[in-house]
Amino acid sequence: RLCFYGHLVSMKEFELEPGEFVVEQLRKHWLLFVGELLPFAILAALPFAIPKLLPLAPPLASFSVYFDYSTAGGRVLLGIWLLVTWTSAWGAFTRYFLNVWVLTSQRIVNIKQRQFFSRAVSSLFLSRVQDVTTTVEGVLSSFLNIGDIKVQSAGEEIEFVMRGIPRPESMRDLILKYVPEEDEQKPADRQ
């Protein structure tokens with residue numbers, strides 16, 4: 001189950017095993033999401049800003065007549081522009097909200113929204129975790145404590161990577177807290 005503003009939402013792709021519980025859900029830092037939305041805000045403002053800015057450059061002032069929204073054709077083009085911009089921004093929000101890491105008591109589940117109707121769900125049992133690495137690069141990332149987490153599994157070359165995570169060191173510690181010790185993994189070998 002995932003939480004949406006305090007309400008639990010059931011997901012068919014991901015069901016908890018008996019005795020398993022959700023420890024933490026993690027998304028990309030909200031500031032990185034705002035950074036992804038910024039180009040769409042600029043694109044939405046362009047049709048309104050260009051007619052005001054073109055007269056400031058005398059050689060380009062004659063082009064301001066192409067940005068006349070008092071005609072039906074101008075309003076249709078403006079509507080199409082804003083609709084495409086809004087749809088693209090909504091796609092960015094959908095990817096932000098639906099891309100989530102879920103740490104349970106037994107595994108890490110990576111839910112990745114690829115496109116509007118394409119989602120990939122993969123899981124890695126904590127008993128297979130070999131290494132958990134965090135990376136924080138840059139002044140702003142260090143100041144805001146935003147980084148990447150890479151979880152390496154035993155055996156096969158499987159890596160779970162989540163980029164732009166808030167407080168990556170505390171998440172690494174939380175993952176390692178639930179990784180079972182060698183003695184707990186193979187009780188039959190002790191006899």
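Me: Which residue in β6 is the bridge partner of I108?

Reply: The bridge partner of I108 in β6 is L124. The model is predicted, with local features needing pLDDT of at least 70 and side-chain atom pairs pLDDT 80 or more, while totals for chains, interfaces and linings use all residues. Residues are numbered from 1 along each chain as its sequence is written, and side-chain values use heavy atoms, without hydrogens and water.

Me: How many helices and strands does the protein have?

Reply: The protein has five helices and nine strands. Along the sequence the pattern reads β-β-β-α-α-β-β-β-β-α-β-β-α-α.

Me: Which strands form the open sheet of three?

Reply: That sheet has the order β7-β8-β9 with antiparallel pairing. β7 (129-135) and β9 are its edge strands, each pairing on one side only. β7 is joined to β8 by six bridges, and β8 (residues 146-153) is joined to β9 by six bridges. I149 of β8 stands opposite T134 and also opposite M162 in β9. Q152 stands opposite E159 in β9.

Me: Why is β8 said to be largely enclosed by the rest of the structure?

Reply: Buried means under 20% relative accessible area (exposed is over 50%, partly exposed in between; 1.4 Å probe, protein chains only). Six of the eight residues of β8 are buried, so the strand is largely enclosed by the rest of the structure. Across the protein, buried residues make up 28% of the 191 residues.

Me: How do you know that the span of helix α2 agrees with its number of residues?

Reply: The expected span is 1.5 Å times one less than the number of residues. For the 27 residues of α2 (residues 72-98) this should be 39 Å, and the end C-alpha atoms are 38 Å apart, which agrees. Among the buried residues of α2 are L78, Y96 and F97.

Me: What volume does the largest pocket have, and why is it called a pocket?

Reply: Its volume is about 280 Å³. Of its 15 lining residues, those closest to the centre are K28, N99, K112, M162 and R163. α2, β4 (100-104), β5 (107-115) and β9 (159-166) each give two or more residues to the lining. The largest share, five residues, comes from β5. On a 1 Å grid over the protein atoms alone, a pocket is an open set of points with protein on both sides within 12 Å along at least five of seven lines, whereas in a cavity a 1.4 Å probe fits but cannot get out; lining residues have an atom within 4 Å of a point.

Key:
Helix = DSSP H or I, 4+ residues; strand = E, 2+ residues; numbered from the N terminus. Points joined across faces, edges and corners; volume = space filled by probe spheres on them. Pairing = 2+ DSSP bridges.
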